Amino acid sequence: MRFVSPLLKRVVYPVLAKAGVFRRSAGEGLAVVTYHGIRPVGYDPIDPALDGNLVSADVFRRQLRLLKANYSVITPDEMLGWLGNRREFPPRSVLLTCDDGLLNNLTEMLPILEEEQLRCLFFVTGASAGDKRGTLWYEELFLTFLRAPSGHFAISCEGIDVAGDLGARGQRLAVWWNFVKRLSQISAEGRYTFIQHARDQFGVNDPGNSADVDDPASRRFKLLTRPELQRLAAAGMAIGAHTLSHPMLSQAPHDVAWAEIAQSRTRLEVALEKQVWALAYPFGSPDSVTTDVLAMAKKAGYQAAFLNFGGGLGVELPRYAIPRIHVTAEMSLSEFEAHLAGFHAFLQRRAASSAQVNFQTARD
Ligand SMILES: [Zn+2]
């Protein structure tokens with residue numbers, strides 16, 4: 001897929017979008033889109049791998065207007081109605097979701113949703129059920145490894161002993177991703193202890209703990225607190241769970257994964273005094289879940305659970321593995337439409353199956 005993507009993005013998608021092909025060929029059913037928030041004005045992106053999930057306010061507004069003009073944006077309540085077999089989807093239905101519960105979801109995203117009179121399902125972590133302002137551990141870890149001095153390193157902390165080399169950006173990203181998996185195996189407290197230990201060892205400063213909500217960096221990195229989450233809910237937005245502390249569930253021990261899934265629901269229900277019916281798996285990539293994890297979502301009492309790949313209009317929506325379209329900052333409006341129509345996911349499946357054929361041919 002990687003080798004066809006530039007041609008698709010720059011040439012094919014714009015031509016097909018302009019000709020209205022995506023809208024005419026769009027399938028039935030529902031497409032679910034995933035946002036992660038709006039990049040606050042005054043925040044300078046640090047790295048595409050860190051900030052690439054955040055769209056500008058202008059792009060967000062343009063995407064919402066395109067959806068309103070050509071698709072049926074349903075409310076989270078309507079989705080719940082469909083899950084209970086109480087209603088059908090209107091043609092070309094789209095559900096808006098947003099993961100992680102960053103402060104900008106309230107400060108930059110909510111005003112635009114209200115302006116456009118649309119509802120979104122926000123998936124937040126257990127941190128947003130409390131009063132202490134949190135951050136995402138894997139983002140702190142990313143900044144630590146991005147800023148660490150080049151050269152050989154060996155870290156031994158919280159039962160994790162890893163040695164490696166840090167140099168070019170790609171190498172740092174690979175080391176970081178390896179640690180995301182390793183640290184998902186230990187407790188949330190252990191992860192922060194590890195990060196502090198790594199910072200001290202590398203001589204990297206803590207990114208700071210500004211309590212000022214007007215600070216663009218706070219809006220970028222800090223998580224919503226309980227009163228802020230209540231404001232989001234009071235504005236008519238639905239709240240779903242994104243586990244307690246955002247580990248990669250496929251890596252976590254069974255009892256830890258269960259607590260992350262089940263307790264995030266009960267904590268949010270206490271904080272909001274409302275039923276929490278939806279779960280989004282952290283990271284949401286194919287390797288972030290297992291069949292065991294999907295079964296836990298059902299057992300914990302959720303009505304539905306969402307992945308973060310493979311989305312596009314379709315009627316095949318496995319209740320505990322609902323695909324979503326991951327919206328990124330560099331996604332053009334025509335690419336956005338190619339995803340909505342299910343065209344992009346279709347090509348991905350084709351590419352995956354032809355890769356499989358090639359693999360089999362090579363083995364034969
Ligand atoms: Zn997330």
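Domain bounds here come from an automatic or database domain assignment. On that basis the chain splits into domain 1 (5-133 + 222-363) and domain 2 (137-202), and their C-alpha centres lie 27 Å apart. This is a predicted model, in which local features need pLDDT of at least 70, side-chain atom pairs count only at pLDDT 80 or more, and totals for chains, interfaces and linings use all residues. Residues are numbered from 1 along each chain as its sequence is written.

Contact means C-beta atoms, placed from the backbone, within 7 Å.

Now for helix 6 (residues 104-115). Helices (H or I, at least four residues) and strands (E, at least two) are DSSP runs, numbered from the N terminus. Its buried residues include Asn104, Leu106 and Leu113; buried means 20 or more other C-beta atoms within 10 Å of a residue's own, with C-beta atoms placed from the backbone. The buried residues of helix 6 pack against partners including helix 4 (57-70) and strand 3 (93-100). After helix 6 comes glutamine 117, with a positive phi near 55 degrees.

Finally, valine 94 touches Ala31, Tyr71 and Leu340, among others, leaving aside residues up to four places away in sequence.

Key
Two residues are in contact if their C-beta atoms, placed from the backbone, lie within 7 Å. The expected span of a helix is 1.5 Å times one less than its number of residues. A residue is buried if 20 or more other C-beta atoms lie within 10 Å of its own, exposed if 12 or fewer, and partly exposed in between; C-beta atoms are placed from the backbone.
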